[in-house]
Amino acid sequence: MNRGIPIRPQSIYTLNCPITGNIRYVGYSYNPQKRYLAHIAKRKESATHKNFWISSLINKGLKPQLEIWETTVNGDIKFLEQYYISLFKSWGFDL
């Protein structure tokens, strides 16, 4: 029963290489498109593997591709994120 608490869908998304199509990052968000833009805008704020990769794409005039894998309103989103990370790593993707 919903007791007046708004239901907000959350999505599992990936950032994919625009050159190879390979999955490079897995995340979750209430608003994946907004989060995607934040990944790009904040790429210089910390020295992470993901941020170096995004910067290298931007330097080539490219951007990562956003792909939505699953959206849920009542799932355990952190569990799903870990599931997809494990799945994609088992398939050989360099996350």
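A residue counts as buried when its relative accessible area is under 20%, as exposed when that area is over 50%, and as partly exposed in between (1.4 Å probe, protein chains only). The views below come from a predicted model, in which local features need pLDDT of at least 70 and side-chain atom pairs count only at pLDDT 80 or more, while totals for chains, interfaces and linings use all residues. Residues are numbered from 1 along each chain as its sequence is written, and side-chain values use heavy atoms, with hydrogens and water left out.

View 1. Let's start with the overall picture: the chain has three helices and three strands, arranged along the sequence as β-β-α-α-β-α. Helices (H or I, at least four residues) and strands (E, at least two) are DSSP runs, numbered from the N terminus. The C-alpha trace spans about 50 × 30 × 20 Å along its principal axes. Of the 95 residues, 35% are buried. Taking contacts (heavy atoms within 4.5 Å) between residues at least 6 apart in sequence, 59% join residues at least 24 apart.

**View 2. Helix H3 and its buried face.** H3 covers residues 77-90, and its 14 residues reach 20 Å from the first C-alpha to the last, close to the 20 Å expected at 1.5 Å a residue. That expected span is 1.5 Å times one less than the number of residues. Which residues of H3 are buried? They are Ile-77, Leu-80, Glu-81, Tyr-84, Ile-85 and Phe-88. Seen down the axis of H3, these fall within an arc of 135°, so they line one face of the helix; the arc is that of the directions from the helix axis to the C-beta atoms.

**View 3. What surrounds H3.** The cover over the buried residues of H3 includes strands E1 (10-16), E2 (23-29) and E3 (65-72). On the face turned away from the buried side you will find the exposed residues Lys-78, Phe-79 and Ser-90. After H3 comes Gly-92, with a positive phi near 95°.

**View 4. The salt bridge between Arg-24 and Asp-94.** The structure holds one salt bridge, a term for a side-chain nitrogen of Lys or Arg within 4 Å of a carboxyl oxygen of Asp or Glu. Here Arg-24 pairs with Asp-94, and the closest N and O atoms are 4.0 Å apart. Arg-24 lies in strand E2 and Asp-94 in the segment after H3, so the pair ties together parts that are 70 residues apart in sequence. Arg-24 counts as buried because its relative accessibility is 19%, whereas Asp-94, at 48%, is partly exposed.
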